[in-house]
Amino acid sequence: MLEGLKPGRVWKYFEEICAIPHGSGNIGAISEYLQNFAKVHGLAYIAEPCGNVIIRKDATPGCEHAPAVVLQGHMDMVAVKEKDCGKDMEKEGLDVAVTEDGQFVYAKGTSLGGDDGIALAYGLAVLASDDLAHPAIELVATVDEETGMDGAHELLAEDVRGRRWLNIDSEDEGVLLAGCAGGLTQHSVFPVVRDTVSGDLLRIAVTGCRGGHSGTEIDKNRANAILMLALLIREMDCGKMLQPLWIAGGEKDNAIPTSSEIVICVNEYERYEVCRAFDRAEKNLLEAFRRQEPEVAFVLEETTGGGEFEIREGSYRVMNQTSFENVLNFLLLVPFGVSAMCVEPAGLVETSNNVGIIRTVGETVVVDSSVRSMIHVRKQQLGDKIALLTMLCGGIAERHSEYPGWEYRPESPLRDAWVATYREVYGAEPKVETIHAGLECGLIIEHMPETDAVSFGPNIFDIHTTAERMEIGSVERTWNLLVKLLERLGRG
Ligand SMILES: [Zn+2]
């Protein structure tokens, strides 16, 4: 399908990779493929216990004295498909194709995995070449980046010689990433005590918020549907008339939630008053959020089915008032959004929090918050603040999935080499930025502090979705940049 695209040697490997199923957690076959590649080309390789594969190639003549360079990408992709797509992504390869205008490569009905298959394709093309000049090369292919950076966590420093690190896992041509935020998930567990009551069930919901990525879109002034529900309830001011069975919202801790709901039991005498309070609160909130969230809607409707909290129809186990107030107070006070901006580089987010998920699990309500910061201490402080608030509201705080940031280095010879090569190839000035999201470089530098790293890659749009597409011209230009950069790094 991709014959005729340039550079042919890169697309050849990309197409081979696409033919192998390689969603996160399903990396056996792709790992085998990489090891086979090494054997066929007579290259030394290491398969680490966690599944990472490292392939080595010697320097080309004249570049032997130059320090080794690492090309790095992750093996796994986010495997998603359209509702009506019958493909079994665990077992079948992708149907890659070129868009009608000839500009993009995509996969029919599924995500493409340009993130990060293109890094491996570039790496294999360099390893297979006999016409390029480069220092000693190591291709480091990590496992399960998309589900917690497991491969980068478990990478063994002694398996990698190179300390000049080219991470090819960014999707914006012309932008060089030179730093990223670290993160942690703050888990707040609120025990609830339940009473048995009888009455009718009502469902109150918030829908239609824009949402977005909890890192890169945290500064886009989007409202949080979970916190908006808390505001609505506060605004209704109904005290003990609201007797909640459960509260729920959000899907991932790293996405700004777009909807949320609470199911309550009301007795027939108070029902009218609750509906009036809702109407009043709805009006006030629409007024407050109209400009920020034009599509937001508030719903009050009758519902049936109290799930595990239904004793029999008309009789339910509901959270008692103190239990629910604890949860509500937490939601009204927990910080959301940007809490500090960077001093340098200016204009970028330094520290933030997203309240991503709330769910009711039996006798507990659980809230997950995703804290990010470019500065380690600030990340800890914001995590502590949420933990402290959790405890003040009667909950138990736990911390999960902490990963380090990658701090911007004032001096980086590798960054200088990349920028100089970019100017030479493009005749233009690149942007050098840091990103308010996680990259594997943070963990790599934690294992090997002397590592000098940069992150870049060709244009890929709508990653992690079925609309993912990779720009063909950009893949070629980025390859030319990589070839020239390796040539330059081969000189010293
Ligand atoms: Zn990626």
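Predicted model: local features only at pLDDT ≥ 70, side-chain atom pairs only at ≥ 80, totals over all residues.
Two strands are taken to pair when DSSP finds at least two bridges between them. Strand β26 (residues 469-471) is joined to β5 by three bridges, and the two run antiparallel. Within this pairing, Arg469 of β26 sits opposite Tyr106. Strand β4 (residues 96-98) is likewise linked to β5 through three bridges in an antiparallel arrangement. Here Tyr106 of β5 is the bridge partner of Ala97. The strands β4 and β5 make up a hairpin, with five residues between them. In the turn of this hairpin, Gly102 has a positive phi of about 75°.

Are the faces of β5 covered or open? In a regular strand, side chains alternate between the two faces of the sheet. For β5 (residues 104-107), Phe104 and Tyr106 lie on one side, while Val105 and Ala107 lie on the other.

Two bridges connect β17 with the antiparallel strand β18 (residues 315-319). Across this pairing, Glu310 is found opposite Tyr316 in β18.

Helix α1 (residues 8-18) and helix α3 (residues 114-128) have axes that come within 8 Å and cross at roughly 130°. The helices α1 and α3 are therefore oblique to each other, and their crossing is right-handed. Among the residues of α1 that take part in the contact are Val10, Tyr13, Phe14 and Ile17. They belong to a group that meets residues of α3 including Ile118, Leu120, Leu124 and Ala128.

Another helix pair is formed by α5 (residues 225-236) and α7 (residues 321-333), which pack at an angle of about 115° with their axes 9 Å apart. The contact involves Ile226, Leu227, Ala230, Ile233 and Arg234 on the α5 side, together with Leu328, Leu331 and Leu332 on the α7 side. The crossing of α5 and α7 is left-handed.

The loop between α1 and α2 (28-40) holds Asn26. How exposed is Asn26? This residue counts as partly exposed, because 18 C-beta neighbours lie inside 10 Å. Apart from neighbours within four places in sequence, Asn26 is in contact with Pro21 and Glu90. The C-alpha atom of Asn26 is separated by 26 Å from that of Trp165, a residue 139 residues away along the chain.

Finally, the chain can be viewed as a whole. Its secondary structure comes to 11 helices and 26 strands. The C-alpha atoms fill a box of roughly 90 × 50 × 40 Å along the principal axes. A compact globule of 492 residues would have a radius of gyration near 23 Å, and the 26 Å of the chain agrees with this. Buried residues account for 46% of the 492 residues. Of the contacts with a separation of 6 or more, 78% link residues 24 or more positions apart.

How values were computed
Residues numbered from 1 in each chain as written. Helix = DSSP H or I, 4+ residues; strand = E, 2+ residues; numbered from the N terminus. Rg over C-alpha atoms; globule rule 2.2 N^0.38 Å. Buried ≥ 20, exposed ≤ 12 C-beta atoms within 10 Å, placed from the backbone. Contact = placed C-beta atoms within 7 Å. Axes fitted to C-alpha atoms, helices over the stretch in contact; angles between N-to-C directions. Parallel < 35°, antiparallel > 145°, perpendicular 65-115°, else oblique. Left-handed = near helix turned anticlockwise from the far one by under 90°.
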